[in-house]
Amino acid sequence: MTSLEDELRALGRSAAVPPVADGLAARVLERVAEPPVRRSFGAALRSRWRSLLALLAILLAGALVAEPVRAQVAEWLDIGGVEAVQVPSGPTTAPGAPEVVGDLTVAEAAKSAGFTPVVPKALGTPKHVQASAGFVAMSWRTATGVVRLEQFQAEPQPYYFKKYYSELEYVQSIDGYWFSTPHELVLVKKTGAEQTVRVAGPTLVWVRDGVTYRLEGVPEKDRAVELAR
């Protein structure tokens, strides 16, 4: 696997640099030779801040250009309340999405969770709904199995780890990520302790208005993206 450092170095080598204009080197040397200008603390701080912003813009531009780099950045920055961690190997099969245990109405779930959950119109009223503070899960029975949608408010610490060992695909249309292969799903408790939940199948994860969504049980990416819109 190519590291982020290697990819950024390769991106730098591929950049086309125009030839230097005649006399530019001489003008630069003359400018450097001038007496330094004493700047106030505020001016120096503003200059340093502008340099940091420029560096950040360059890094972000590189991430947008190179998809593998973007996937690496996702590992560092989290996907809302989910953090993706690539591992050397992982499960090759996964059971179907588990059905939610709970019989709340969507309105009751909203009251318990403290936010209004989204219900995909194409799936209709969920068969089961459960909720707790900041968290809602709902499920449907379809012809191809159980479809499970979890929604939770993003927090400074991740709610889940996804330990995947294959490529993580960025889905630009919803600003989300598609996990196409089975992967280990780990719950991160408020104490920081980790608890392996289960092996999950293909899953779509995205963030909207401060809420993280996990849609599981839809094996086709295009169909999952359609439900997410």
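Predicted model: local features only at pLDDT ≥ 70, side-chain atom pairs only at ≥ 80, totals over all residues.

User: What makes His128 count as buried?

Analyst: Buried means under 20% relative accessible area. His128 has 16% relative accessibility, so it counts as buried. Across the protein, 34% of the 229 residues count as buried.

User: How do you know that the side chains of His128 and Asp103 make a polar contact?

Analyst: The cut-off for such a pair of N or O atoms is within 3.5 Å. The side chains of His128 and Asp103 are joined at 2.9 Å, so the pair meets that distance limit. His128 lies in strand β2, residues 128-132, and among the other residues that His128 touches are Glu99, Val100 and Met138.

User: Why is the pair Phe135 and Phe152 called stacked?

Analyst: Ring centres must lie within 6.5 Å, and planes under 30 degrees apart count as stacked. For Phe135 and Phe152 the centres are 6.3 Å apart and the planes are at 20 degrees, so the pair is stacked. Phe135 belongs to strand β3 and Phe152 to strand β4, so the pair ties together parts 17 residues apart in sequence. Both Phe135 and Phe152 are buried.

User: What makes Trp206 and Tyr213 a stacked pair?

Analyst: With ring centres 5.0 Å apart and planes at 10 degrees, Trp206 and Tyr213 fall under the cut-offs of 6.5 Å and 30 degrees, so they are stacked. Trp206 and Tyr213 are both buried. The protein's count of aromatic pairs comes to 3.

Technical notes. Residues numbered from 1 in each chain as written. Heavy atoms only, no water. Buried < 20%, exposed > 50% of the residue type's maximum accessible area, 1.4 Å probe, protein only. Helix = DSSP H or I, 4+ residues; strand = E, 2+ residues; numbered from the N terminus. Polar contact = N/O pair within 3.5 Å; in protein donor to acceptor, adjacent residues only side chain to side chain. Contact = heavy atoms within 4.5 Å. Phe/Tyr/Trp six-rings, centres within 6.5 Å; stacked < 30°, edge-to-face > 60°. Lists of a residue's contacts leave out its neighbours within four places in sequence.
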